[in-house]
Amino acid sequence: MRSSTSPTVAAKHCLALNDFEWDDYTNAAKWGGSPFEMLRPTPDRAPSLYFGFDRELPTGVIGLYLDIVMNASTSAGPNLNWQYWNGGQWQNLGAQDDTQGLALPGVVSVAWPGASSASLARFGVPLTWIRA
């Protein structure tokens, strides 16, 4: 049995895709570099429904009609926390959810703050985002 080894060569590039964002670990991956976690846990631990808008939304109450297919065995879904991205973190929105937590077709009305919103490149697209 024969074995051979490859010469030690530093990586030219070391990139990881985490939570839809590229992280550059090239310097850390060089010989003698610092340890790093290639696949890090994402801060978004719970499943979320995202709505992306390609324009600024007007200040005030915004209604989203959701045509949800009803399940005869479910009359209410989970309590949802409707939020928007303010440029640094997710902020709560005042909301009235007539869908009973996405269990029934209906309107979700949110109090949109207007100018304080900021685009977020979620899913690779910079949009104005609302999530539940």
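**View A. Asp54 counts as exposed because its relative accessibility is 61%.** Exposed stands for over 50% relative accessible area, buried for under 20%, and partly exposed for values in between, with a 1.4 Å probe and protein chains only as cover. The model is predicted: local features need pLDDT of at least 70 and side-chain atom pairs pLDDT 80 or more, while totals for chains, interfaces and linings use all residues. Residues are numbered from 1 along each chain as its sequence is written, and side-chain values use heavy atoms, without hydrogens and water. Asp54 forms a salt bridge with Arg55, and the closest N and O atoms are 3.2 Å apart. A salt bridge requires a side-chain nitrogen of Lys or Arg within 4 Å of a carboxyl oxygen of Asp or Glu. Arg55 counts as exposed because its relative accessibility is 59%. The structure holds one salt bridge.

View B. Helices are DSSP runs of H or I with at least four residues, strands are runs of E with at least two, and both are numbered from the N terminus. The order of the elements from the N terminus is β-β-α-β-β-β-β-β-β-β-β. The chain has 132 residues, of which 28% are buried. Among contacts between residues at least 6 apart in sequence, 55% join residues at least 24 apart; contact means heavy atoms within 4.5 Å. The chain exposes about 9,200 Å², and carbon and sulfur atoms supply 54% of this area. Accessible areas come from the Shrake-Rupley method with a 1.4 Å probe, and for residues only the protein chains shown count as cover.

**View C. Strand β1 (residues 15-18) pairs with strand β2 (residues 21-24) in the antiparallel sense over four bridges.** Two strands are taken as paired if DSSP finds at least two bridges between them. The bridge partner of Leu17 in β2 is Trp22. In a regular strand, side chains alternate between the two faces of the sheet. In β1, Ala16 and Asn18 make up the covered face, and Leu15 and Leu17 the uncovered one.

**View D. Leu15, Leu17 and Trp22 make a nonpolar surface patch of about 360 Å².** Patch residues have over 30% relative accessible area and no salt bridge; nonpolar side chains (Val, Leu, Ile, Met, Phe, Trp, Tyr) are joined within 5 Å, and like charges within 9 Å. Leu15 belongs to strand β1. Leu15 counts as partly exposed because its relative accessibility is 45%.

**View E. Asp23 is located in strand β2.** Asp23 counts as buried because its relative accessibility is 15%. Apart from neighbours within four places in sequence, Asp23 contacts Cys14, Leu15, Ala16, Asn18 and Arg40.

**View F. Three strands form an open antiparallel sheet in the order β4-β8-β7.** The edge strands, β4 (60-66) and β7 (95-97), each pair on one side only. From one strand to the next the twist averages 15°; axes are lines fitted to C-alpha atoms, for helices over the stretch in contact, and angles run from 0 to 180 degrees between N-to-C directions. β4 and β8 run antiparallel and are joined by seven bridges. Gly60 stands opposite Trp112 in β8.

**View G. β7 and strand β8 (residues 106-112) pair in the antiparallel sense over three bridges.** In β8, Ser109 is the bridge partner of Gln96. Val108, also in β8, is the bridge partner of Asp97.

**View H. Gln100 lies in the loop between β7 and β8, and Leu102 has its place in the loop between β7 and β8 too.** Gln100 is not a glycine, yet its phi is positive, at about 55°. Gln100 counts as partly exposed because its relative accessibility is 39%. Leu102, likewise not a glycine, has a positive phi of about 65°. Leu102 counts as partly exposed because its relative accessibility is 29%.
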